[in-house]
Amino acid sequence: MHQINQDLKAAAARHRRKNPLKRQEALTGWLFVAPALIGFAIFTAFSMCYSLYISFTDWNILSDPKFVGWQNYVNLFTRDIFFGEYLWNTIYYVLFLVPSVLVISLFFAILLNKTFKGFTSFYRASLFLPSIISTVAIALVWKWLLNSQSGTINGILRWIGISQPPQWLLDAKWAKLSIILMRIWQMSGYYMVMYLTGLQTIPSSLYEAARVDGANKLQQLFFITVPMLSPTTFAIMILLVLEAFNIFEAVMIMTEGSLGTSSLMYYVYRLAFASYRMGYASALAWILFLIILVFTILRFVLKKDEVM
Amino acid sequence: MSNQGTPRLSMRTRRIVSDTCFNFFMMILCIIVIYPVVWAIFSSFKANQQLFSESPLNLIPRPFTTENYAKLMSIYDVQRMVFNGLYLSILIPLLSMLTSSLAAYALARLDFKGRNLVFLLLISTMMIPGYVTLIPNFAIMVKLRLLNSHLALILRSALSGSATSIFLFRQYFLSIPRDLENAAIIDGCSWRGVFFRIILPNSKPAIATVVILSFRETWNAFLWPQLVLQDDKLWTWTLALKVLSEFETNQSVLLAGAVISIVPVLIIYILCQKYFVNSQVNAGFGGI
(Lines give C-alpha, C1' and ligand atoms only; values in the text may rest on other atoms or scores of the structure.)
Protein backbone atom coordinates (compact mmCIF):
# COMPACT_ATOMS: atom_id res chain seq x y z
CA MET A 1 0.00 0.00 0.00
CA HIS A 2 2.77 2.37 1.03
CA GLN A 3 4.74 1.42 -2.06
CA ILE A 4 1.76 2.12 -4.28
CA ASN A 5 1.32 5.51 -2.67
CA GLN A 6 4.97 6.30 -3.29
CA ASP A 7 4.67 5.29 -6.92
CA LEU A 8 1.55 7.37 -7.34
CA LYS A 9 3.26 10.38 -5.82
CA ALA A 10 6.28 10.01 -8.07
CA ALA A 11 4.05 9.63 -11.10
CA ALA A 12 2.07 12.68 -10.06
CA ALA A 13 5.27 14.69 -9.66
CA ARG A 14 6.47 13.67 -13.14
CA HIS A 15 3.09 14.59 -14.52
CA ARG A 16 2.71 17.90 -12.78
CA ARG A 17 4.56 20.13 -15.21
CA LYS A 18 2.53 19.19 -18.22
CA ASN A 19 -0.78 18.02 -16.85
CA PRO A 20 -3.62 20.51 -17.41
CA LEU A 21 -5.43 18.88 -14.50
CA LYS A 22 -2.61 20.02 -12.26
CA ARG A 23 -2.92 23.54 -13.55
CA GLN A 24 -6.63 23.30 -12.90
CA GLU A 25 -5.86 22.22 -9.34
CA ALA A 26 -3.51 25.13 -8.72
CA LEU A 27 -6.05 27.54 -10.12
CA THR A 28 -8.78 26.13 -7.89
CA GLY A 29 -6.40 26.38 -4.95
CA TRP A 30 -5.86 30.09 -5.49
CA LEU A 31 -9.57 30.59 -6.07
CA PHE A 32 -10.37 28.87 -2.77
CA VAL A 33 -7.91 30.89 -0.72
CA ALA A 34 -8.80 34.12 -2.52
CA PRO A 35 -11.54 35.43 -0.18
CA ALA A 36 -9.47 34.84 2.94
CA LEU A 37 -6.37 36.20 1.24
CA ILE A 38 -8.14 39.36 0.07
CA GLY A 39 -9.43 39.89 3.59
CA PHE A 40 -5.91 39.36 4.91
CA ALA A 41 -4.45 41.78 2.40
CA ILE A 42 -6.91 44.57 3.22
CA PHE A 43 -7.71 44.18 6.88
CA THR A 44 -4.37 42.86 8.13
CA ALA A 45 -1.40 43.43 5.80
CA PHE A 46 -2.41 46.82 4.39
CA SER A 47 -3.82 47.89 7.75
CA MET A 48 -0.58 47.03 9.56
CA CYS A 49 1.44 49.18 7.16
CA TYR A 50 -1.14 51.94 7.29
CA SER A 51 -1.14 51.87 11.07
CA LEU A 52 2.65 52.15 11.09
CA TYR A 53 2.37 55.17 8.80
CA ILE A 54 -0.32 56.76 10.98
CA SER A 55 1.93 56.36 14.00
CA PHE A 56 4.30 58.89 12.41
CA THR A 57 1.55 61.45 11.88
CA ASP A 58 -0.71 63.75 13.76
CA TRP A 59 -4.24 62.84 12.78
CA ASN A 60 -7.71 63.37 14.19
CA ILE A 61 -9.63 61.47 11.45
CA LEU A 62 -11.40 64.60 10.18
CA SER A 63 -8.42 66.50 8.79
CA ASP A 64 -5.61 65.05 6.69
CA PRO A 65 -2.82 63.29 8.57
CA LYS A 66 0.20 65.53 9.17
CA PHE A 67 3.60 63.82 9.10
CA VAL A 68 5.53 64.45 12.31
CA GLY A 69 8.37 61.92 12.12
CA TRP A 70 9.36 60.24 15.39
CA GLN A 71 7.56 62.87 17.44
CA ASN A 72 4.83 60.54 18.74
CA TYR A 73 7.35 57.96 19.87
CA VAL A 74 9.62 60.57 21.45
CA ASN A 75 6.68 62.09 23.32
CA LEU A 76 5.56 58.70 24.46
CA PHE A 77 8.86 57.93 26.16
CA THR A 78 9.85 61.39 27.38
CA ARG A 79 6.76 63.53 27.94
CA ASP A 80 3.92 61.15 28.66
CA ILE A 81 3.44 60.87 32.42
CA PHE A 82 0.80 58.16 31.98
CA PHE A 83 2.80 55.78 29.83
CA GLY A 84 5.04 54.54 32.64
CA GLU A 85 2.18 54.21 35.08
CA TYR A 86 -0.06 52.30 32.67
CA LEU A 87 2.83 50.09 31.58
CA TRP A 88 3.36 49.19 35.23
CA ASN A 89 -0.37 48.48 35.66
CA THR A 90 -0.31 46.25 32.61
CA ILE A 91 2.74 44.35 33.87
CA TYR A 92 0.97 43.98 37.21
CA TYR A 93 -2.00 42.37 35.43
CA VAL A 94 0.31 40.02 33.56
CA LEU A 95 2.27 39.06 36.68
CA PHE A 96 -0.83 38.24 38.69
CA LEU A 97 -3.15 36.87 36.04
CA VAL A 98 -0.86 34.51 34.18
CA PRO A 99 0.39 32.36 37.08
CA SER A 100 -2.98 32.29 38.87
CA VAL A 101 -4.91 31.22 35.79
CA LEU A 102 -2.23 28.65 34.92
CA VAL A 103 -2.38 27.05 38.36
CA ILE A 104 -6.16 27.20 38.75
CA SER A 105 -6.95 25.88 35.28
CA LEU A 106 -4.47 23.03 35.76
CA PHE A 107 -6.04 22.29 39.13
CA PHE A 108 -9.53 22.19 37.57
CA ALA A 109 -8.28 19.97 34.76
CA ILE A 110 -6.65 17.48 37.14
CA LEU A 111 -9.84 17.34 39.19
CA LEU A 112 -11.93 16.60 36.12
CA ASN A 113 -9.51 14.21 34.48
CA LYS A 114 -10.20 11.56 37.10
CA THR A 115 -12.63 8.92 35.97
CA PHE A 116 -14.71 9.43 39.08
CA LYS A 117 -18.28 8.37 39.00
CA GLY A 118 -20.32 11.48 39.28
CA PHE A 119 -21.32 14.32 37.10
CA THR A 120 -18.07 15.04 35.34
CA SER A 121 -19.66 16.56 32.25
CA PHE A 122 -21.84 18.78 34.41
CA TYR A 123 -18.78 19.94 36.35
CA ARG A 124 -16.88 20.61 33.16
CA ALA A 125 -19.78 22.56 31.67
CA SER A 126 -20.16 24.63 34.84
CA LEU A 127 -16.49 25.51 35.12
CA PHE A 128 -16.34 26.45 31.43
CA LEU A 129 -19.50 28.56 31.59
CA PRO A 130 -17.95 31.93 32.59
CA SER A 131 -15.75 32.04 29.51
CA ILE A 132 -18.68 32.10 27.07
CA ILE A 133 -20.26 35.25 28.46
CA SER A 134 -19.48 38.71 27.13
CA THR A 135 -17.00 40.61 29.26
CA VAL A 136 -19.15 43.73 29.09
CA ALA A 137 -22.15 41.93 30.60
CA ILE A 138 -20.30 39.96 33.20
CA ALA A 139 -18.16 42.92 34.28
CA LEU A 140 -21.39 44.78 35.05
CA VAL A 141 -22.47 41.86 37.21
CA TRP A 142 -19.14 41.66 39.02
CA LYS A 143 -19.09 45.38 39.58
CA TRP A 144 -22.16 44.85 41.66
CA LEU A 145 -20.95 41.65 43.35
CA LEU A 146 -17.89 43.64 44.45
CA ASN A 147 -19.93 46.59 45.70
CA SER A 148 -18.47 47.53 49.07
CA GLN A 149 -21.81 48.04 50.83
CA SER A 150 -24.36 45.77 49.21
CA GLY A 151 -22.21 43.36 47.21
CA THR A 152 -22.48 39.63 47.71
CA ILE A 153 -18.75 39.17 48.29
CA ASN A 154 -18.59 41.62 51.16
CA GLY A 155 -21.87 40.19 52.42
CA ILE A 156 -20.19 36.80 52.73
CA LEU A 157 -17.04 38.30 54.25
CA ARG A 158 -19.10 40.09 56.90
CA TRP A 159 -21.10 36.95 57.52
CA ILE A 160 -17.96 34.96 58.30
CA GLY A 161 -16.91 37.69 60.71
CA ILE A 162 -14.71 40.13 58.81
CA SER A 163 -16.16 43.44 59.94
CA GLN A 164 -14.01 45.65 57.70
CA PRO A 165 -13.94 43.92 54.31
CA PRO A 166 -11.99 45.59 51.47
CA GLN A 167 -13.61 48.37 49.47
CA TRP A 168 -12.64 46.56 46.23
CA LEU A 169 -13.29 48.82 43.27
CA LEU A 170 -13.31 51.94 45.41
CA ASP A 171 -9.87 51.40 46.92
CA ALA A 172 -6.68 51.93 44.91
CA LYS A 173 -5.04 49.09 46.85
CA TRP A 174 -7.71 46.61 45.78
CA ALA A 175 -9.03 47.88 42.45
CA LYS A 176 -6.49 46.06 40.25
CA LEU A 177 -6.91 42.89 42.27
CA SER A 178 -10.70 43.09 41.88
CA ILE A 179 -10.36 43.16 38.11
CA ILE A 180 -7.84 40.32 38.26
CA LEU A 181 -10.21 38.29 40.44
CA MET A 182 -13.00 38.71 37.91
CA ARG A 183 -10.73 37.74 35.00
CA ILE A 184 -9.43 34.66 36.82
CA TRP A 185 -13.01 33.59 37.38
CA GLN A 186 -13.80 34.22 33.72
CA MET A 187 -10.79 32.63 32.05
CA SER A 188 -9.84 29.58 34.11
CA GLY A 189 -12.49 27.31 32.64
CA TYR A 190 -11.35 28.03 29.11
CA TYR A 191 -7.75 27.06 29.75
CA MET A 192 -8.94 24.11 31.82
CA VAL A 193 -10.26 22.56 28.61
CA MET A 194 -6.88 23.01 26.94
CA TYR A 195 -5.20 21.33 29.90
CA LEU A 196 -7.73 18.49 29.78
CA THR A 197 -6.73 17.83 26.18
CA GLY A 198 -3.11 17.83 27.23
CA LEU A 199 -3.75 15.47 30.14
CA GLN A 200 -5.37 12.94 27.85
CA THR A 201 -2.16 12.61 25.85
CA ILE A 202 -0.15 11.44 28.86
CA PRO A 203 0.13 7.63 28.67
CA SER A 204 -1.25 5.98 31.81
CA SER A 205 1.68 3.54 31.77
CA LEU A 206 3.87 6.34 33.11
CA TYR A 207 1.73 6.61 36.22
CA GLU A 208 1.64 2.84 36.63
CA ALA A 209 5.41 2.67 36.47
CA ALA A 210 5.70 5.49 38.99
CA ARG A 211 3.28 3.74 41.33
CA VAL A 212 5.31 0.55 41.13
CA ASP A 213 8.36 2.59 42.06
CA GLY A 214 6.45 3.91 45.06
CA ALA A 215 5.89 7.51 43.96
CA ASN A 216 3.05 9.21 45.81
CA LYS A 217 0.38 11.40 44.24
CA LEU A 218 2.32 14.61 44.77
CA GLN A 219 5.48 13.18 43.25
CA GLN A 220 3.45 11.91 40.30
CA LEU A 221 2.06 15.41 39.83
CA PHE A 222 5.45 17.12 39.85
CA PHE A 223 7.54 14.52 38.08
CA ILE A 224 5.06 13.24 35.47
CA THR A 225 2.02 15.48 34.99
CA VAL A 226 3.69 18.88 35.04
CA PRO A 227 6.67 18.00 32.81
CA MET A 228 4.51 16.05 30.37
CA LEU A 229 2.18 19.03 30.08
CA SER A 230 4.92 21.50 29.27
CA PRO A 231 3.92 21.92 25.57
CA THR A 232 0.36 22.73 26.66
CA THR A 233 1.60 25.07 29.39
CA PHE A 234 3.79 26.78 26.83
CA ALA A 235 0.86 27.38 24.45
CA ILE A 236 -1.45 28.50 27.23
CA MET A 237 1.15 30.86 28.60
CA ILE A 238 1.59 32.61 25.27
CA LEU A 239 -2.17 33.03 24.87
CA LEU A 240 -2.55 34.16 28.48
CA VAL A 241 0.17 36.77 28.30
CA LEU A 242 -1.43 38.10 25.13
CA GLU A 243 -4.77 38.25 26.87
CA ALA A 244 -3.43 39.83 30.05
CA PHE A 245 -1.60 42.48 28.03
CA ASN A 246 -4.81 43.28 26.18
CA ILE A 247 -6.96 43.58 29.28
CA PHE A 248 -9.35 46.39 28.53
CA GLU A 249 -13.08 45.67 28.55
CA ALA A 250 -13.16 44.75 32.23
CA VAL A 251 -11.21 47.92 33.07
CA MET A 252 -13.54 50.03 30.97
CA ILE A 253 -16.72 48.74 32.60
CA MET A 254 -15.58 48.21 36.18
CA THR A 255 -13.49 51.31 36.93
CA GLU A 256 -13.16 53.32 33.71
CA GLY A 257 -9.45 53.27 34.36
CA SER A 258 -9.60 55.11 37.69
CA LEU A 259 -7.67 54.21 40.86
CA GLY A 260 -4.62 52.88 39.09
CA THR A 261 -6.41 50.29 37.00
CA SER A 262 -5.88 51.71 33.51
CA SER A 263 -4.01 49.34 31.22
CA LEU A 264 -2.05 50.41 28.15
CA MET A 265 -4.74 48.89 25.95
CA TYR A 266 -7.42 51.01 27.63
CA TYR A 267 -5.17 54.02 27.11
CA VAL A 268 -4.97 53.22 23.37
CA TYR A 269 -8.75 53.02 23.27
CA ARG A 270 -9.21 56.36 25.02
CA LEU A 271 -6.55 58.13 23.00
CA ALA A 272 -8.06 56.96 19.72
CA PHE A 273 -11.76 57.14 20.36
CA ALA A 274 -12.17 59.68 23.14
CA SER A 275 -9.39 62.15 22.27
CA TYR A 276 -9.18 61.27 18.55
CA ARG A 277 -5.38 61.30 18.65
CA MET A 278 -5.05 58.55 16.07
CA GLY A 279 -1.34 59.04 15.40
CA TYR A 280 -0.36 58.92 19.04
CA ALA A 281 -2.67 55.97 19.70
CA SER A 282 -1.16 54.07 16.77
CA ALA A 283 2.35 54.69 18.05
CA LEU A 284 1.34 53.32 21.43
CA ALA A 285 -0.38 50.34 19.81
CA TRP A 286 2.82 49.54 17.93
CA ILE A 287 4.94 49.77 21.06
CA LEU A 288 2.51 47.41 22.78
CA PHE A 289 2.62 45.06 19.82
CA LEU A 290 6.43 45.06 19.80
CA ILE A 291 6.58 44.32 23.53
CA ILE A 292 4.33 41.30 23.06
CA LEU A 293 6.22 40.19 19.96
CA VAL A 294 9.56 40.33 21.76
CA PHE A 295 8.11 38.40 24.64
CA THR A 296 6.68 35.72 22.36
CA ILE A 297 9.90 35.31 20.39
CA LEU A 298 11.84 35.15 23.64
CA ARG A 299 9.55 32.41 24.87
CA PHE A 300 10.06 30.41 21.70
CA VAL A 301 13.83 30.80 21.91
CA LEU A 302 13.87 29.78 25.56
CA LYS A 303 11.65 26.83 24.78
CA LYS A 304 14.09 25.56 22.19
CA ASP A 305 16.80 25.59 24.87
CA GLU A 306 14.56 23.68 27.25
CA VAL A 307 13.84 20.96 24.73
CA MET A 308 17.39 20.46 23.51
CA MET B 1 -13.21 -15.82 52.63
CA SER B 2 -13.86 -13.45 55.46
CA ASN B 3 -10.19 -12.52 55.61
CA GLN B 4 -10.28 -11.44 52.01
CA GLY B 5 -13.68 -9.85 52.41
CA THR B 6 -12.72 -7.34 55.04
CA PRO B 7 -10.02 -5.39 53.17
CA ARG B 8 -12.05 -5.45 49.99
CA LEU B 9 -15.03 -4.00 51.83
CA SER B 10 -12.89 -1.33 53.42
CA MET B 11 -11.42 -0.50 50.02
CA ARG B 12 -14.91 -0.06 48.70
CA THR B 13 -15.97 2.04 51.64
CA ARG B 14 -12.90 4.19 51.20
CA ARG B 15 -13.72 4.55 47.54
CA ILE B 16 -17.30 5.59 48.31
CA VAL B 17 -16.16 8.07 50.95
CA SER B 18 -13.58 9.61 48.66
CA ASP B 19 -16.08 9.75 45.77
CA THR B 20 -18.59 11.51 47.97
CA CYS B 21 -16.02 13.96 49.23
CA PHE B 22 -14.88 14.67 45.70
CA ASN B 23 -18.43 15.20 44.43
CA PHE B 24 -19.24 17.41 47.40
CA PHE B 25 -16.16 19.52 46.77
CA MET B 26 -16.91 19.77 43.06
CA MET B 27 -20.51 20.79 43.75
CA ILE B 28 -19.33 23.64 45.99
CA LEU B 29 -16.77 24.70 43.39
CA CYS B 30 -19.36 24.67 40.60
CA ILE B 31 -21.83 26.64 42.70
CA ILE B 32 -19.18 29.27 43.36
CA VAL B 33 -18.37 29.48 39.66
CA ILE B 34 -21.97 29.60 38.43
CA TYR B 35 -23.27 31.80 41.23
CA PRO B 36 -22.57 35.21 39.65
CA VAL B 37 -24.62 34.25 36.58
CA VAL B 38 -27.49 32.82 38.64
CA TRP B 39 -27.36 35.83 40.92
CA ALA B 40 -27.56 38.21 37.95
CA ILE B 41 -30.62 36.43 36.53
CA PHE B 42 -32.44 36.48 39.88
CA SER B 43 -31.42 40.03 40.72
CA SER B 44 -32.64 41.39 37.41
CA PHE B 45 -36.15 40.75 38.80
CA LYS B 46 -35.43 42.61 42.04
CA ALA B 47 -36.49 46.18 42.68
CA ASN B 48 -33.57 48.58 42.93
CA GLN B 49 -34.32 49.16 46.63
CA GLN B 50 -33.88 45.49 47.39
CA LEU B 51 -30.42 45.50 45.84
CA PHE B 52 -29.38 48.24 48.22
CA SER B 53 -31.28 47.66 51.41
CA GLU B 54 -31.55 43.93 51.96
CA SER B 55 -28.86 41.46 52.82
CA PRO B 56 -26.85 40.74 49.66
CA LEU B 57 -27.02 37.04 50.46
CA ASN B 58 -30.72 37.01 49.72
CA LEU B 59 -31.09 35.57 46.25
CA ILE B 60 -34.88 35.56 45.82
CA PRO B 61 -36.47 38.77 44.48
CA ARG B 62 -39.03 40.17 46.89
CA PRO B 63 -41.23 41.55 45.47
CA PHE B 64 -40.78 39.91 42.07
CA THR B 65 -40.85 42.66 39.48
CA THR B 66 -40.33 43.00 35.74
CA GLU B 67 -40.05 46.77 35.96
CA ASN B 68 -36.32 46.65 35.14
CA TYR B 69 -37.08 45.08 31.80
CA ALA B 70 -39.93 47.51 31.23
CA LYS B 71 -37.56 50.39 31.93
CA LEU B 72 -35.04 48.97 29.44
CA MET B 73 -37.76 48.80 26.79
CA SER B 74 -38.56 52.45 27.41
CA ILE B 75 -34.92 53.46 26.92
CA TYR B 76 -34.13 51.29 23.93
CA ASP B 77 -35.84 49.44 21.15
CA VAL B 78 -34.72 46.20 22.80
CA GLN B 79 -36.32 43.73 20.39
CA ARG B 80 -34.73 45.40 17.44
CA MET B 81 -31.25 45.44 18.99
CA VAL B 82 -31.52 41.83 20.06
CA PHE B 83 -32.72 40.97 16.57
CA ASN B 84 -29.77 42.88 15.02
CA GLY B 85 -27.39 41.02 17.28
CA LEU B 86 -28.92 37.65 16.54
CA TYR B 87 -29.10 37.99 12.79
CA LEU B 88 -25.54 39.27 12.56
CA SER B 89 -24.35 36.54 14.91
CA ILE B 90 -25.84 33.93 12.59
CA LEU B 91 -24.98 35.48 9.22
CA ILE B 92 -21.39 36.45 9.99
CA PRO B 93 -20.34 33.05 11.37
CA LEU B 94 -21.84 31.31 8.34
CA LEU B 95 -20.00 33.55 5.88
CA SER B 96 -16.77 33.43 7.80
CA MET B 97 -17.12 29.65 8.07
CA LEU B 98 -17.34 29.46 4.28
CA THR B 99 -14.26 31.66 3.77
CA SER B 100 -12.24 29.72 6.33
CA SER B 101 -13.25 26.27 5.15
CA LEU B 102 -12.56 27.06 1.49
CA ALA B 103 -9.11 28.37 2.34
CA ALA B 104 -8.46 25.50 4.72
CA TYR B 105 -9.42 22.94 2.09
CA ALA B 106 -7.07 24.43 -0.46
CA LEU B 107 -4.31 24.51 2.16
CA ALA B 108 -4.94 20.93 3.19
CA ARG B 109 -5.45 19.23 -0.14
CA LEU B 110 -4.82 21.28 -3.26
CA ASP B 111 -1.33 21.50 -4.58
CA PHE B 112 -0.24 24.94 -5.71
CA LYS B 113 2.88 27.03 -5.58
CA GLY B 114 3.09 29.32 -2.59
CA ARG B 115 0.69 27.27 -0.54
CA ASN B 116 2.90 27.19 2.54
CA LEU B 117 3.46 30.92 2.39
CA VAL B 118 -0.29 31.54 2.21
CA PHE B 119 -0.82 29.23 5.17
CA LEU B 120 1.82 31.04 7.19
CA LEU B 121 0.36 34.45 6.36
CA LEU B 122 -3.19 33.49 7.24
CA ILE B 123 -2.14 31.84 10.49
CA SER B 124 0.10 34.76 11.46
CA THR B 125 -3.00 36.88 12.12
CA MET B 126 -3.32 34.88 15.33
CA MET B 127 -0.33 36.78 16.70
CA ILE B 128 -1.41 40.23 15.49
CA PRO B 129 -3.49 41.99 18.11
CA GLY B 130 -6.70 43.57 16.87
CA TYR B 131 -5.95 47.06 18.16
CA VAL B 132 -3.05 47.61 15.76
CA THR B 133 -5.32 47.21 12.75
CA LEU B 134 -8.42 48.74 14.33
CA ILE B 135 -7.83 52.38 13.36
CA PRO B 136 -6.85 51.62 9.72
CA ASN B 137 -9.82 49.26 9.38
CA PHE B 138 -12.02 52.09 10.56
CA ALA B 139 -10.40 54.45 8.06
CA ILE B 140 -11.00 51.91 5.27
CA MET B 141 -14.69 51.77 6.17
CA VAL B 142 -14.83 55.57 6.10
CA LYS B 143 -13.28 55.51 2.61
CA LEU B 144 -15.67 52.81 1.41
CA ARG B 145 -18.58 54.85 2.79
CA LEU B 146 -19.71 51.84 4.78
CA LEU B 147 -20.03 53.64 8.09
CA ASN B 148 -23.37 53.19 9.72
CA SER B 149 -24.11 50.01 7.87
CA HIS B 150 -24.08 46.38 8.89
CA LEU B 151 -21.98 45.74 5.79
CA ALA B 152 -19.00 47.16 7.66
CA LEU B 153 -19.34 44.34 10.19
CA ILE B 154 -20.19 41.66 7.68
CA LEU B 155 -17.46 42.49 5.19
CA ARG B 156 -14.66 42.64 7.73
CA SER B 157 -15.55 39.40 9.50
CA ALA B 158 -16.62 37.43 6.46
CA LEU B 159 -13.45 38.19 4.56
CA SER B 160 -11.07 37.66 7.41
CA GLY B 161 -11.86 34.01 7.97
CA SER B 162 -10.28 33.71 11.37
CA ALA B 163 -6.93 32.00 11.80
CA THR B 164 -8.30 29.67 14.44
CA SER B 165 -11.09 28.46 12.16
CA ILE B 166 -8.72 27.92 9.25
CA PHE B 167 -6.42 25.97 11.51
CA LEU B 168 -9.24 23.85 12.89
CA PHE B 169 -10.74 23.14 9.46
CA ARG B 170 -7.37 22.24 8.00
CA GLN B 171 -6.70 19.73 10.77
CA TYR B 172 -10.14 18.27 10.24
CA PHE B 173 -9.86 17.97 6.46
CA LEU B 174 -6.49 16.28 6.80
CA SER B 175 -8.20 13.59 8.88
CA ILE B 176 -10.77 12.79 6.16
CA PRO B 177 -9.60 9.79 4.08
CA ARG B 178 -8.44 10.78 0.61
CA ASP B 179 -10.17 7.84 -1.07
CA LEU B 180 -13.49 9.64 -0.99
CA GLU B 181 -12.19 12.54 -3.04
CA ASN B 182 -10.10 10.40 -5.34
CA ALA B 183 -13.14 8.33 -6.24
CA ALA B 184 -15.17 11.45 -6.98
CA ILE B 185 -12.42 12.97 -9.10
CA ILE B 186 -12.04 9.77 -11.12
CA ASP B 187 -15.77 9.99 -11.73
CA GLY B 188 -15.18 13.41 -13.21
CA CYS B 189 -16.29 15.57 -10.32
CA SER B 190 -14.76 19.07 -10.19
CA TRP B 191 -12.87 20.37 -7.13
CA ARG B 192 -15.79 22.63 -6.38
CA GLY B 193 -18.10 19.63 -6.49
CA VAL B 194 -15.77 17.64 -4.24
CA PHE B 195 -15.67 20.42 -1.70
CA PHE B 196 -19.37 21.23 -1.56
CA ARG B 197 -20.80 17.75 -2.06
CA ILE B 198 -18.30 15.54 -0.28
CA ILE B 199 -16.07 17.49 2.08
CA LEU B 200 -18.50 19.96 3.66
CA PRO B 201 -21.28 17.41 4.32
CA ASN B 202 -18.66 15.23 6.02
CA SER B 203 -17.38 18.02 8.25
CA LYS B 204 -20.41 18.75 10.38
CA PRO B 205 -18.62 18.64 13.76
CA ALA B 206 -15.96 21.09 12.59
CA ILE B 207 -18.57 23.38 11.04
CA ALA B 208 -20.67 23.35 14.20
CA THR B 209 -17.68 24.17 16.38
CA VAL B 210 -16.53 27.04 14.20
CA VAL B 211 -20.01 28.53 13.75
CA ILE B 212 -20.90 28.31 17.42
CA LEU B 213 -17.61 29.77 18.64
CA SER B 214 -17.93 32.58 16.16
CA PHE B 215 -21.57 33.14 17.14
CA ARG B 216 -20.39 33.78 20.67
CA GLU B 217 -17.65 36.10 19.45
CA THR B 218 -19.95 38.14 17.22
CA TRP B 219 -22.72 38.41 19.79
CA ASN B 220 -20.27 39.51 22.49
CA ALA B 221 -18.31 42.02 20.39
CA PHE B 222 -18.79 45.71 21.03
CA LEU B 223 -15.64 47.59 20.01
CA TRP B 224 -15.85 47.30 16.24
CA PRO B 225 -19.66 47.73 16.14
CA GLN B 226 -19.30 50.79 18.34
CA LEU B 227 -16.84 52.36 15.91
CA VAL B 228 -18.83 51.80 12.74
CA LEU B 229 -22.46 51.97 13.87
CA GLN B 230 -23.61 55.38 15.00
CA ASP B 231 -27.33 55.00 14.43
CA ASP B 232 -28.86 53.18 17.38
CA LYS B 233 -31.34 51.43 15.08
CA LEU B 234 -28.40 49.38 13.85
CA TRP B 235 -26.90 48.57 17.23
CA THR B 236 -26.42 45.08 18.53
CA TRP B 237 -27.47 44.34 22.09
CA THR B 238 -23.95 44.12 23.48
CA LEU B 239 -23.12 47.53 22.06
CA ALA B 240 -26.34 48.97 23.47
CA LEU B 241 -25.47 47.54 26.88
CA LYS B 242 -22.01 49.08 26.78
CA VAL B 243 -23.43 52.50 25.96
CA LEU B 244 -26.13 52.06 28.60
CA SER B 245 -23.47 51.38 31.23
CA GLU B 246 -22.07 54.86 30.58
CA PHE B 247 -25.18 56.76 31.62
CA GLU B 248 -27.63 54.50 33.43
CA THR B 249 -27.35 54.73 37.22
CA ASN B 250 -30.12 52.31 38.12
CA GLN B 251 -28.17 49.14 38.89
CA SER B 252 -31.00 46.67 38.52
CA VAL B 253 -31.79 47.98 35.04
CA LEU B 254 -28.15 47.42 34.10
CA LEU B 255 -28.37 43.91 35.51
CA ALA B 256 -31.45 43.24 33.39
CA GLY B 257 -29.48 44.46 30.39
CA ALA B 258 -26.61 42.15 31.24
CA VAL B 259 -29.03 39.24 31.55
CA ILE B 260 -30.45 39.91 28.08
CA SER B 261 -26.88 39.75 26.80
CA ILE B 262 -26.13 36.54 28.68
CA VAL B 263 -29.28 34.52 27.93
CA PRO B 264 -28.93 33.83 24.15
CA VAL B 265 -25.37 32.60 24.53
CA LEU B 266 -26.40 30.59 27.58
CA ILE B 267 -29.22 28.86 25.69
CA ILE B 268 -26.93 27.95 22.82
CA TYR B 269 -24.32 26.78 25.31
CA ILE B 270 -26.79 24.47 27.03
CA LEU B 271 -28.00 23.07 23.70
CA CYS B 272 -24.63 22.64 22.01
CA GLN B 273 -22.35 22.24 24.98
CA LYS B 274 -20.09 19.66 23.37
CA TYR B 275 -19.07 22.03 20.60
CA PHE B 276 -18.02 24.72 23.03
CA VAL B 277 -15.86 22.36 25.03
CA ASN B 278 -14.62 20.71 21.87
CA SER B 279 -11.15 19.47 22.50
CA GLN B 280 -10.19 19.66 18.82
CA VAL B 281 -10.20 23.42 18.81
CA ASN B 282 -7.82 23.47 21.68
CA ALA B 283 -5.77 20.56 20.44
CA GLY B 284 -4.86 22.85 17.58
CA PHE B 285 -3.24 25.26 20.01
CA GLY B 286 -1.71 22.51 22.08
CA GLY B 287 0.46 21.55 19.16
CA ILE B 288 2.24 24.89 18.77
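**Exercise 1.** Find the helix in which A:Trp174 is placed, and decide whether this residue is buried, partly exposed or exposed.

*Solution.* A:Trp174 lies in helix H8 (residues 172–200) of chain A, where a helix is a DSSP run of H or I with at least four residues, numbered from the N terminus. This is a predicted model, in which local features need pLDDT of at least 70, side-chain atom pairs count only at pLDDT 80 or more, and totals for chains, interfaces and linings use all residues. Residues are numbered from 1 along each chain as its sequence is written, while chains are lettered from A and ligands numbered from 1 in the order in which they are written. Next, count neighbours: a residue is buried if 20 or more other C-beta atoms, placed from the backbone, lie within 10 Å of its own, exposed if 12 or fewer, and partly exposed in between. A:Trp174 has 18 C-beta neighbours inside 10 Å, and therefore counts as partly exposed.

**Exercise 2.** State how many helices and strands chain B has, and what share of its residues is buried.

*Solution.* Chain B has 16 helices and zero strands (a strand being a DSSP run of E with at least two residues). Of its 288 residues, 40% count as buried.
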